[in-house]
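Look at the model first, then read on.

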Amino acid sequence: MTERKPPGVSFETWVDRQIREATERGLFDNLPGAGKPLPDQGKPYDEMWWVKQKLREENLSMPLPGTLALRKEAEEALAAAQGARSEAEVREIVADINEKIVEGIRKAMSGPPLNLAPFDVERVVREWRERQPAETPPVPPAETRPKRERSWFRRWRRSS
């Protein structure tokens, strides 16, 4: 579309003519998405629609401001600590996230206020212990049943 609109012709007429000629040449045949509804039709207008669409196409997530990303990481760390296999692993996870929280408090980060304090390691360990299944004592081996004496009928029958 390098042609300029000729003077004296209304813009609408000029555009309509170009669309009609392109249709006659078959330029609109077999376009991808032909006959399909428009994506996101009926949703409210969003100024960042094109950014969100690009992120979806590239399988990326919207980058969070630093403080929100740290809050999210802290929540994930607590969940990971609750699912840890050992107390040492719980302590390591909490120590790692506490180090990041202290660093976030010390330096200015983008986003809303952090409002996050380092976690109490002992409290998290105590909660982890409470969630662990109680160790069941080993079941003693089943007692062997004493041999039952034969009924009087069988004894009588056998002796006869």
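In this predicted model, Glu-75 sits in helix 3, which spans residues 66–82. Glu-75 counts as exposed because its relative accessible area of 59% is over the 50% cut-off. Ile-97 lies 22 residues from Glu-75 in sequence. In space, the two C-alpha atoms are 9.6 Å apart.

Thr-67 also belongs to helix 3. Thr-67 is buried, because its relative accessible area of 3% is under the 20% cut-off. Leaving aside residues up to four places away in sequence, Thr-67 touches Met-109, Ser-110, Gly-111, Pro-112, Pro-113 and Leu-114.

| Residue | Relative accessible area | State |
|---|---|---|
| Glu-75 | 59% | exposed |
| Thr-67 | 3% | buried |

Now the nonpolar core. The largest one holds 15 residues. Those with the most contacts inside it are Ala-81, Val-90, Val-94, Ile-97, Phe-119 and Val-124. Two or more core residues come from each of helix 3, helix 4 (87–106) and helix 5 (121–131). Helix 4 gives the largest share of this core, five residues.

In general, nonpolar side chains tend to be buried together in soluble globular proteins.

Which residues does Ala-81 touch, not counting residues up to four places away in sequence? They are Val-90, Ile-93, Val-94, Val-124 and Trp-128. Of these partners, Val-90, Val-94 and Val-124 are also listed among the core residues with the most contacts.

Note on methods: Residues numbered from 1 in each chain as written. Predicted model: local features only at pLDDT ≥ 70, side-chain atom pairs only at ≥ 80, totals over all residues. Heavy atoms only, no water. Helix = DSSP H or I, 4+ residues; strand = E, 2+ residues; numbered from the N terminus. Buried < 20%, exposed > 50% of the residue type's maximum accessible area, 1.4 Å probe, protein only. Core = buried A, V, L, I, M, F, W, Y, C linked by side-chain atoms within 4.5 Å. Contact = heavy atoms within 4.5 Å.
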